[in-house]
Amino acid sequence: MERVVLVTGASGGVGLALCQRLLEQDGRIHLCIACRNAQKSEETRDLILASHPSAQVSTVEVDLGNLASVLRVSQELRCRFQRLDFVYLNAGIMPNPHVNFKALWHGLLTGKVLHMLTTAEGIMTQTDRLNGDGLQEVFATNLFGHFILVRQLESLLCGNEKPSRLIWTSSSNARESAFSLSDYQHAKGQESYSSSKYATDLTSVVLNRKFNEQGLYSSVVCPGLVMSNMTYRILPVFLWKLLMPIMWLIRFFAKTYTLTPFNGAEAHVWLFKQKPEHLDALVKYHSCTSGLGKNYVEPRKIDVDEETAEKFYQKLLELEKQTLERYSDLLD
């Protein structure tokens with residue numbers, strides 16, 4: 001039987017490029033694309049079928065920042081499929097990003113500018129807000145919605161003849177300094193994106209410990225710096241166009257400047273071809289592109305404390321219990 005692959009955030013950027021590249025790797029897969037609205041899903045499906053007319057592509061509508069939407073799509077997926085082989089947890093948001101040019105200038109003077117440009121550490125802030133469920137929007141969309149999705153789909157992911165895979169899109173911007181167990185939704189800070197991606201790394205580590213014996217394996221990837229709709233919100237488009245020649249030059253020194261969604265999906269596609277039993281649960285797989293344009297994958301140890309990861313996982317379970325009580329009518 002064909003493998004079933006679910007991709008969230010599939011309508012553009014790395015998600016769309018990933019869908020195209022997966023079908024190039026194996027045209028027999030059943031690709032299920034998840035987007036926030038039905039029109040976007042159908043437009044994306046048509047776009048994929050234009051280049052892969054014989055592919056099996058279905059769609060689901062889900063807003064990862066809305067728990068009712070996540071529960072509905074989980075029920076739909078359980079009715080539609082008997083198993084899921086791959087779930088690419090790729091959807092994410094970075095609302096109202098701001099660049100701290102003063103910090104960037106200081107980095108230039110202190111010789112730390114390259115590190116800052118490749119990780120956005122100290123130069124990128126966001127303004128977050130509460131969503132309709134009373135959760136911080138970035139935390140809910142980037143992590144918690146995906147966590148609930150995984151929990152609701154355990155029957156499709158565990159106990160299959162072959163292992164199932166979770167592949168989370170994380171970031172080099174995931175930093176312990178932006179995360180706090182006492183404020184894990186990052187309500188009090190201005191680096192909600194970084195916090196949510198570090199929380200993603202923590203979650204993946206624990207999921208492996210909890211579910212590997214049931215045939216479910218989790219990995220995290222970093223697509224590098226990709227020019228996408230999310231990136232274009234940081235600076236005006238015309239400014240990005242002016243900076244592009246400089247960015248191509250920086251890539252000779254910063255291999256994570258993948259720049260295109262096709263390049264950014266390199267690690268996602270590489271993991272599609274690997275046996276999960278041979279992967280290190282404490283490694284993040286980075287998409288890299290050399291100065292001459294060659295794509296490759298670089299594994300790097302995740303900077304996580306496993307005790308902190310376990311404590312955070314327990315907090316997620318507590319929050320899950322609290323939030324699902326109001327949606328009991330959507331549960332089986």
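**Exercise 1.** How closely do the axes of helix α3 (residues 67-80) and helix α6 (residues 137-152) come, and at roughly what angle do they cross?

*Solution.* This is a predicted model, in which local features need pLDDT of at least 70 and side-chain atom pairs count only at pLDDT 80 or more, while totals for chains, interfaces and linings use all residues. Residues are numbered from 1 along each chain as its sequence is written, and side-chain values use heavy atoms, with hydrogens and water left out.

Step 1. Helices are DSSP runs of H or I with at least four residues, and strands are runs of E with at least two, numbered from the N terminus. Axes are lines fitted to C-alpha atoms, for helices over the stretch in contact, and angles run from 0 to 180 degrees between N-to-C directions.

Step 2. The axes of α3 and α6 come within 9 Å, crossing at roughly 30°. Therefore α3 and α6 are roughly parallel to each other (angles under 35 degrees count as such).

Step 3. With contact meaning heavy atoms within 4.5 Å, Leu67, Val70, Leu71, Val73, Ser74, Leu77 and Arg78 of α3 meet Phe144, Gly145, Ile148, Leu149 and Gln152 of α6. This contact has eight nonpolar, three polar and one charged residues. Ala, Val, Leu, Ile, Met, Phe, Trp, Tyr, Cys and Pro count as nonpolar, Asp, Glu, Lys and Arg as charged, and the others, Gly among them, as polar.

**Exercise 2.** Describe how helix α1 (residues 13-25) meets helix α2 (residues 38-51).

*Solution.* Step 1. Their axes come within 11 Å and cross at roughly 35°.

Step 2. From α1, the contact takes Leu16, Cys19, Gln20 and Leu23; from α2, Thr44, Leu47, Ile48 and Ser51. Five of these residues are nonpolar, three polar and none charged.

**Exercise 3.** Which residues line the largest cavity?

*Solution.* Step 1. On a 1 Å grid over the protein atoms alone, a cavity is a set of points where a 1.4 Å probe fits but cannot get out, and lining residues have an atom within 4 Å of a point. Grid points are joined across faces, edges and corners, and a volume is the space filled by probe spheres set on the points.

Step 2. The largest cavity has a volume of about 30 Å³. Its lining consists of Leu6, Thr8, Ala34, Val60, Val62, Leu64, Val73, Leu77 and Leu149.

Step 3. β1 (4-8) and α3 are the elements that give two or more residues to this lining. By class, the lining has eight nonpolar, one polar and no charged residues.

Notes:
Angles under 35 degrees count as roughly parallel, over 145 as roughly antiparallel, 65 to 115 as roughly perpendicular and the rest as oblique. On a 1 Å grid over the protein atoms alone, a cavity is a set of points where a 1.4 Å probe fits but cannot get out, and a pocket is an open set with protein on both sides within 12 Å along at least five of seven lines; lining residues have an atom within 4 Å of a point.
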